[in-house]
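Please read them with the structure open.

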Amino acid sequence: MLRIEEHPILTFEKGKLVTFTFDGKELQGYEGDTIASALHAAGVKVMGHHHVSGRPRGFYCAIGNCGSCLMIVNGEPNIRVCVVPLEEGMVVETQNNRGDLL
Amino acid sequence: MREVDIAIVGGGPAGLMAADAAATNGASVLLLERDGHLGGQLVKQTHKFFGSEKQYASVRGVKIATILEEKLQGMSDLVEIWTDATALGLYEDGVLTVEKGKEFVKIKPKRIIVATGASEKFLTFVNNDLPGIYGAGAVQTLMNVNGVRPGQRVLMVGAGNIGLIVSYQLLQAGVEVAAIIDAAPTIGGYLVHASKIRRAGVPIITSHTVTRAYGKEAVEGATIVALDEKWQPLPGTEQELDVDVICISVGLSPLAELLWQAGCEMRYVPQLGGHVPVRDHHLKTTVDEVYIAGDLTGIEEASSAMVEGRLAGLAAASSLGFKSDSLEADILDCKEQLKSLRSGPVGDHINQGMAQVMLDK
Ligand SMILES: Cc1cc2nc3c(=O)[nH]c(=O)nc-3n(C[C@H](O)[C@H](O)[C@H](O)COP(=O)(O)OP(=O)(O)OC[C@H]3O[C@@H](n4cnc5c(N)ncnc54)[C@H](O)[C@@H]3O)c2cc1C
Ligand code: FES
């Protein structure tokens, strides 16, 4: 279990349960999560594959600087999931290509 | 086009203090922050700060952010705050373009203070792109903001203050730290932090680096190796560590894209973390309307970022004619504070760097 339940300094008040899907599977996170933190807590580390080498990609900076965490969210590609708040009903998919410009 | 006296890019400690100083002197301010909340790096810092009282020493980083934000909310007639607003471009004619939510906005401020902070450096080793290899800031964010552990067992690379503090925070969150390694022969961070961690049973291994991560879809282990005096790997000293996270804490480099685009003169200064803007003593760049503050001017600490923010805010406001009676004294006070923050051995390093980018001596 990766969620911190006890901490000497911080208290984490979990928000409401939020249900979303990851590659079709139903997962749950909490209000206040980013998409990346909810995925990570659910045991998902691989967020996509590099469009040329096919190597797995996870997040790196978690503050929106590096572009390592791009995924398809509600059909839109190239979303930095480390800085996007999780919302009820979100459809999150791994991205294995460059993503089409809409 | 939206007009304002001073636009500030970045809502970390530097940007927040700049907004406060400028508005206190009467200038109208628009503060832009890319994230959904203000505070920058402060938000994930749960430890009490060093420094003197003026820079909120012994207050926890998270708390400082709230104090500053509340102060700005009390000046809402002059200060407008946009979160979820990313500055995309800064053009020769002084126009700043911003993505605000899904909207594209153009702003024409009279002055701009750029306080975008820094981004984490990276290391070269085999399989360094595997999921499970995270920057120290990422580990802190995940753990201290979201309440999620990065994994079960961590190898920390880098024994500077950030590496030491994040290791301690990992222990607090109930994560095992297998070891802290550093390529340098001595520990870079403060000894108080180092002893605290050693007492908790975590080995700090100097003159070592990471050469390989292994794992299929994510990190399952790491190889570390000893280095000789010339920083070359010593054959036969490889050790395998069973870890699912490798945390990289090898420093930061200034996030200066907007300044490059605006045409500010930049110089490479290793002591300051990379390419940094040339500036005068009032933190004005070589482009007249553009001021700078915080980690962007050179990697230091939140304490100096706050003082620099205040200085840039005062200077930018005064260049537009907003002058309170105490302006001169306030500017002097900032300079004095910076001087005292930059005394001591760590300060020598910063001062050497600063000497290479100052326009006026
Ligand atoms: C683990 C750790 C421990 C630390 N401990 C201490 C300590 O004990 N004492 C101390 O004094 N300092 C400490 N520091 C250092 C301190 O946090 C930084 O020096 C300080 O936060 C720098 O402030 P800043 O405002 O320049 O940048 P930041 O805090 O990085 O803020 C920059 C802000 O700009 C925003 N931004 C970036 N680009 C854009 C854009 N294009 N448009 C809009 N917004 C943008 C970012 O989202 C961010 O919010 C520590 C740092 C770390 C990582
Ligand atoms: S992890 Fe770096 S942008 Fe998301």
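The points below take the ligand site in chain B, then a residue of chain A.

1. This is a predicted model, and the distances given here should be read as computed from it.

2. Ligand 1 is surrounded by 30 residues, and the closest of these are Glu33(B), Gln41(B), Ala87(B), Asp295(B) and Ala302(B). Sorted by class, the shell holds 12 nonpolar, 13 polar and five charged residues.

3. Domain 1 (2-119 + 252-354) and domain 2 (122-248) of chain B both supply residues to this shell, so ligand 1 lies between them.

4. Backbone atoms come within polar-contact range of the ligand at several places. A backbone N or O atom of Arg34(B) is 3.1 Å from a nitrogen atom of ligand 1. For Gln41(B), a backbone N or O atom is 2.9 Å from an oxygen atom of ligand 1, and for Ser303(B) the corresponding distance to an oxygen atom is 3.0 Å. On its own ligand 1 exposes 1,000 Å², of which the protein buries 95%. Two or more shell residues come from each of helix 1 (13-24), strand 4 (85-90), helix 4 (161-172) and helix 7 (302-319) of chain B.

5. Is Asp33(A) buried or exposed? Its relative accessible area is 4%, under the 20% cut-off, so Asp33(A) is buried. Asp33(A) sits in the loop between strand 2 (25-30) and helix 1 (35-41) of chain A.

6. The side chain of Asp33(A) makes a polar contact with the side chain of Arg3(A) at 2.7 Å and reaches the backbone nitrogen of Tyr30(A) at 2.9 Å. Beyond its neighbours within four places in sequence, Asp33(A) has contacts including Pro85(A), Leu86(A) and, from chain B, Asn146(B).

Technical notes. Residues are numbered from 1 along each chain as its sequence is written. Chains are lettered from A and ligands numbered from 1 in the order in which they are written. This is a predicted model: local features need pLDDT of at least 70, side-chain atom pairs count only at pLDDT 80 or more; totals for chains, interfaces and linings use all residues. Side-chain values use heavy atoms; hydrogens and water are left out. A residue is near a molecule or strand if one of its heavy atoms lies within 4 Å of it. A polar contact is a pair of N or O atoms within 3.5 Å; within protein, one must be able to donate a hydrogen and the other to accept it, and residues adjacent in sequence count only if both atoms are side-chain atoms. Accessible areas come from the Shrake-Rupley method with a 1.4 Å probe; for residues, only the protein chains shown count as cover. Helices (H or I, at least four residues) and strands (E, at least two) are DSSP runs, numbered from the N terminus. Ala, Val, Leu, Ile, Met, Phe, Trp, Tyr, Cys and Pro count as nonpolar, Asp, Glu, Lys and Arg as charged, and the others, Gly among them, as polar. Domain bounds come from an automatic or database domain assignment. Buried means under 20% relative accessible area, exposed over 50%, partly exposed in between (1.4 Å probe, protein chains only). Contact means heavy atoms within 4.5 Å.
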